[in-house]
Amino acid sequence: MSQKSFDQYAEKYDSWFLENENVLLSEVKLVAKTLEGCQNIFSVGCGSGLFESILRKDYGIEINEGLEPSKDMAEIAQKRGVNVTISTSEDFDYADKKYDTIIYNGCPGYITDLEKALKNSFDALNVGGKLIVIDIPKESGYGLLYNLAKAVKSWDHPLLKEAYPRNPYPIELVDQANWRTTGEKIETMKKIGLTDFEFYQTLVAHPVYSNDKAEEPIEGYDKGDYVAICAYKR
């Protein structure tokens, strides 16, 4: 994960979510679903701590420790009550600390060597622990839309006219992402030794309409534009 990805864009990141409140609520509901009954949680790529603060306030889910390569984002997360270490997920040393749950929410597309990052987290899980990977699938509506915007370097292009949400994700952050297919992420997780997979999804409506109302998460990964892959260390 690159530190430069979100340095100087922290305010734009938060502003986008606050302008797209129902998208945010849909995604928070999905994250909360994956964390039902979870304890001793570590958040990789916690960003500004926006999700962590909402989960604490609205769902009673405590995430007190996190990792974030962007110092700008980490400063905001600290103010929101997350004890953040500034490091990339590939290079982070868990220093023999063990967790029951480790979550990657929305950050896999910004991690260069996802296998290395997940292996580090796998080693830091207690036996029976749960690893959660949540992101936009490359093959989804948002994934295809974002990759097209990335290819043309702008939202202001004839091919994208009236095909993207009113308040689109900042092009600077779209440009730096590398979204993977759900299949790719599953294979990587299997490779490092995770088993007993579970899947949840949200943002089933087309991106143009995804902010019209908040969605409840559903099982599976074949419809949603935001997909959670959960697996366990046995």
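**Close-up views of a predicted model**

Ala95 lies in the loop between strand 3 (83-85) and strand 4 (99-105). This is a predicted model: local features need pLDDT of at least 70, side-chain atom pairs count only at pLDDT 80 or more, and totals for chains, interfaces and linings use all residues. Residues are numbered from 1 along each chain as its sequence is written, and side-chain values use heavy atoms, with hydrogens and water left out.

**View A. Ala95 and Asp96 in the loop between strand 3 and strand 4**. Helices (H or I, at least four residues) and strands (E, at least two) are DSSP runs, numbered from the N terminus. Ala95 is not a glycine, yet its phi is positive, about 50°. Asp96 is found in the loop between strand 3 and strand 4. Its phi is also positive, near 70°, and Asp96 is a residue other than glycine. Is Asp96 buried or exposed? Asp96 is exposed, with a relative accessible area of 75%. (Buried means under 20% relative accessible area, exposed over 50%, partly exposed in between, with a 1.4 Å probe and protein chains only.)

**View B. Val44 and the residues that it touches**. Val44 is found in strand 1 (residues 41-44). Val44 counts as buried, at 1% relative accessibility. Which residues does Val44 touch, not counting those up to four places away in sequence? They are Leu67, Ser89, Tyr94, Ile102, Ile103, Tyr104, Asn105, Cys107 and Ser121. Contact means heavy atoms within 4.5 Å. Val44 and Ser121 are 77 residues apart in sequence. In space they are 8.9 Å apart, C-alpha to C-alpha.

**View C. The aromatic pair of Trp16 and Tyr169**. Rings of Phe, Tyr and Trp (its six-membered ring) pair if their centres lie within 6.5 Å; planes under 30 degrees apart count as stacked, over 60 as edge-to-face and the rest as tilted. By this rule there are 15 aromatic pairs. Why is the pair of Trp16 and Tyr169 edge-to-face? The ring centres are 5.1 Å apart and the planes are at 75°, so the pair is edge-to-face. This pair links distant parts of the chain, 153 residues apart. Trp16 is in helix 1 (residues 10-19), and Tyr169 is in the loop between helix 6 (141-152) and helix 7 (171-175). Trp16 is buried, with a relative accessible area of 6%. Tyr169 is buried too, at 8%.

**View D. Tyr146 and Trp155, with the ring cluster**. Tyr146 and Trp155 form an edge-to-face pair, 5.9 Å centre to centre with 70° between the planes. Tyr146 counts as buried at 3% relative accessibility. Trp155 counts as buried at 10%. Ring pairs link Trp16, Phe17, Phe51, Tyr142, Tyr146, Trp155, Tyr164, Tyr169 and Trp179 into a cluster.

**View E. Helix 3 and Gly60**. In helix 3 (residues 50-59), Leu50, Phe51, Glu52, Ser53, Ile54 and Leu55 are buried. Gly60 follows helix 3 and has a positive phi, near 70°.

**View F. Helix 5 packed with helix 8**. Helix 5 (residues 114-123) and helix 8 (residues 182-191) pack at an angle of about 45°, with their axes 10 Å apart. Axes are lines fitted to C-alpha atoms, for helices over the stretch in contact, and angles run from 0 to 180 degrees between N-to-C directions. Helix 5 and helix 8 are therefore oblique to each other. (Angles under 35 degrees count as roughly parallel, over 145 as roughly antiparallel, 65 to 115 as roughly perpendicular and the rest as oblique.) Leu114, Glu115 and Leu118 of helix 5 make the contact with Lys185, Thr188, Met189 and Lys191 of helix 8.
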